[in-house]
Amino acid sequence: MRYGMVIDTLKCVGCTDCVVACQTENNVPLGYARDWVSEAVIGTYPELHLEIRTERCNHCDDTPCVRTCPTGASHVIEGGIVKVTPNECIGCAACIESCPYDARFVHPEGYVDKCTFCDHRVANGQDPACVSVCPTYCMHFGDLDDPNSEVSKLLSTRQSKVLAPEAGTKPQIFYLI
Amino acid sequence: MEEIITSGRNIPHIDPILDIWGLPISLYLFLGGLAAGITIFASVVTILKREQQYSTAVKIAPIITPIALAVGLFFLLIDLHHILYAWQLFTTIRLESPMSWGAWTLLVITPLSIVWVAMYLKDILPTFDFSGCCSGILKLLFVENNSDEKLNWEWKYSFLVDFEKFMLDNKRVFAWIMLVLGIVVGVYTGILLSAFNARPLWNTEILGPLFLVSGLSTGAAAIMWLSNDHNEIKMFSKIDLFLILIELFLIVHMMMGFVAGPEIKAYAAGFFLGGEFTAVFWVLFVGLGLVIPLLLETMELIGRKIPIGIVAFLILAGGLLFRIIMVDAGQVIRYLY
Ligand code: SF4
Ligand code: SF4
């Protein structure tokens, strides 16, 4: 079992519904966000190409955030989901420094917070909140280890990339390009 | 290649740039390096049996160590955002996490550095004013004893007398232990940053040695400043000169490695070679904090009289500035994607 996401950058219109859905589902405090939308213009003029994509913690396979955590508050659960236990976290921010995607932040209450892949929903067989609200169906969530899952099929038929692979964290969110 | 990023993310309390580690962490790294430097010198002098010649290094300067470590730990603690849970640090040891083994090392070295000071307390403070205002506090640990001409006190408890004797008899073994711990702390201050793959500026194997050498240099500066003995000042300014040369070499080596390295490293180097950190780094840190002290120390060596306090101050201020720049720049420079 290895949870991951496949996100179609060709479908994403940058509406930020996923951001709002996450904030509502997970009670993310105002002014903070566990996911966000980036727009990148790629290429050299005049050969430009606009890419819009929704980003969040990549639930990496090689997790520097878990390694550098001095207390074990950052940990990996079943399915490769990376989580933080608030009352083990001392708020040292070592994990924030170690994430190349700046996916973590200090919650106003002092502990570090981040995307959980909505593990509370996943446990009930539902998709994460962001995936379930996307009006263009550009996000797909599922088991990357299962060759018959929707995510695996998309990855085997479409061209994809991960963000900053050179940072070496083996991210598990794939972008269809 | 991404040429233009029109809009990245825009989350008010998180973006636009990471600055979660600020001045307290820089001060923590600086004080840790200073304490490590002094400890290493005090230990080496003891191991080489030169305590008489370099008494400031062994007896006086180490007074700074526990103070620097305690203040440094204080800065680390105030930088924790979930401070009420700080005790969680000491519920496990995680060797993969520099934050974890570093905190444990500090927990061990801080009391030992107090023992070091206590070991030489009779030499540093041979007479106490038992009639003064603090006599109540003094009498908790010490008793008045005028049997010796120079010394007017003795430890109040016999186990402390025995312990002092035991430590003095075994001071070279103790010095070896402190030497190892000092090196661990000195290297730790660099590894804390260089362990982060995610930060291209920090993630270089040169940072560990560079922070260690810089820590040693600040330690030597402190000893020079405190010492009244001309030979000792001369010796430590020679050592310091050598350390500054190594530091300069490591800095150039690091920058050249960046420029010749992968795109992201060259991008990082750009911040120091024309970019926003160019002036503070090369003029204030390298210029005022390394090159000027280097020149002044060279003049001292060829026999000119120079105010050693200024040299020491420049080196110490440079050491702090270096850590402030590295902590700050390291967070500004991130992977592009
Ligand atoms: S994206 Fe960042 S926080 Fe998430 S698993 Fe990877 S390194 Fe950790
Ligand atoms: S901030 Fe919390 S989760 Fe992050 S490394 Fe420190 S203790 Fe671990």
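User: How do the residues of the shell around ligand 2 divide into nonpolar, polar and charged?

Analyst: This is a predicted model, and the description should be read with that in mind. Around ligand 2 there are 13 residues, of which A:Cys69, A:Cys89, A:Cys92, A:Ala93 and A:Cys95 come nearest. Sorted by class, the shell around ligand 2 holds no charged residue, and it divides into three polar and ten nonpolar residues.

User: How many residues of the shell around ligand 1 are charged?

Analyst: The surroundings of ligand 1 include A:Cys57, A:Cys60, A:Cys65 and A:Cys99, together with A:Asn58, A:His59, A:Pro64, A:Val82 and A:Tyr101. A:Arg104 and A:Lys114 also belong to this shell. By class, seven residues around ligand 1 are nonpolar and two are polar, and the number of charged residues is two.

User: Which residues of chain A lose the most area to chain B?

Analyst: The contact draws 48 residues from chain A and 41 residues from chain B. Between them the two chains bury about 3,900 Å², with 57% of that area on carbon and sulfur atoms. On the side of chain A, three residues that together account for 19% of what that side buries lose the most area to chain B, namely A:Ile90, A:Glu97 and A:Asp102.

User: Which residue of chain B meets the side chain of A:Glu97 in a salt bridge?

Analyst: Across the interface of chain A and chain B there are three salt bridges, and 15 residue pairs are in polar contact. In one salt bridge, with an N to O distance of 3.7 Å, the side chain of A:Glu97 meets that of B:Arg199.

User: Which element supplies the largest share of the side of chain A that touches chain B?

Analyst: Strand S2 (35-44), strand S3 (47-56), helix H2 (64-67), helix H3 (94-98) and strand S6 (105-106) of chain A each give at least two residues to the side that touches chain B. The largest share of that side is nine residues, and it comes from S2(A).

User: Which residue of S3(A) stands opposite A:Ser38?

Analyst: S2(A) and S3(A) run antiparallel and are joined by ten bridges, while a hairpin connects S2(A) to S3(A) through two residues. Within this pairing, the residue of S3(A) that stands opposite A:Ser38 is A:Arg53.

User: Which residue of S10(A) is the bridge partner of A:Met5?

Analyst: An open sheet of four strands in chain A has the order S8-S1-S10-S9 and mixed pairing, and its edge strands, S8 (139-143) and S9 (160-161) of chain A, each pair on one side only. Strand S1 (residues 3-8) and strand S10 (residues 173-176) of chain A pair in the parallel sense over four bridges. In S10(A), the bridge partner of A:Met5 is A:Ile173.

Technical notes
Residues are numbered from 1 along each chain as its sequence is written. Chains are lettered from A and ligands numbered from 1 in the order in which they are written. This is a predicted model: local features need pLDDT of at least 70, side-chain atom pairs count only at pLDDT 80 or more; totals for chains, interfaces and linings use all residues. Side-chain values use heavy atoms; hydrogens and water are left out. A residue is near a molecule or strand if one of its heavy atoms lies within 4 Å of it. Ala, Val, Leu, Ile, Met, Phe, Trp, Tyr, Cys and Pro count as nonpolar, Asp, Glu, Lys and Arg as charged, and the others, Gly among them, as polar. Contact means heavy atoms within 4.5 Å. Buried area is the accessible area (1.4 Å probe) that two parts lose on being put together, summed over both. A salt bridge is a side-chain nitrogen of Lys or Arg within 4 Å of a carboxyl oxygen of Asp or Glu. A polar contact is a pair of N or O atoms within 3.5 Å; within protein, one must be able to donate a hydrogen and the other to accept it, and residues adjacent in sequence count only if both atoms are side-chain atoms. Two strands pair if DSSP finds at least two bridges between them.
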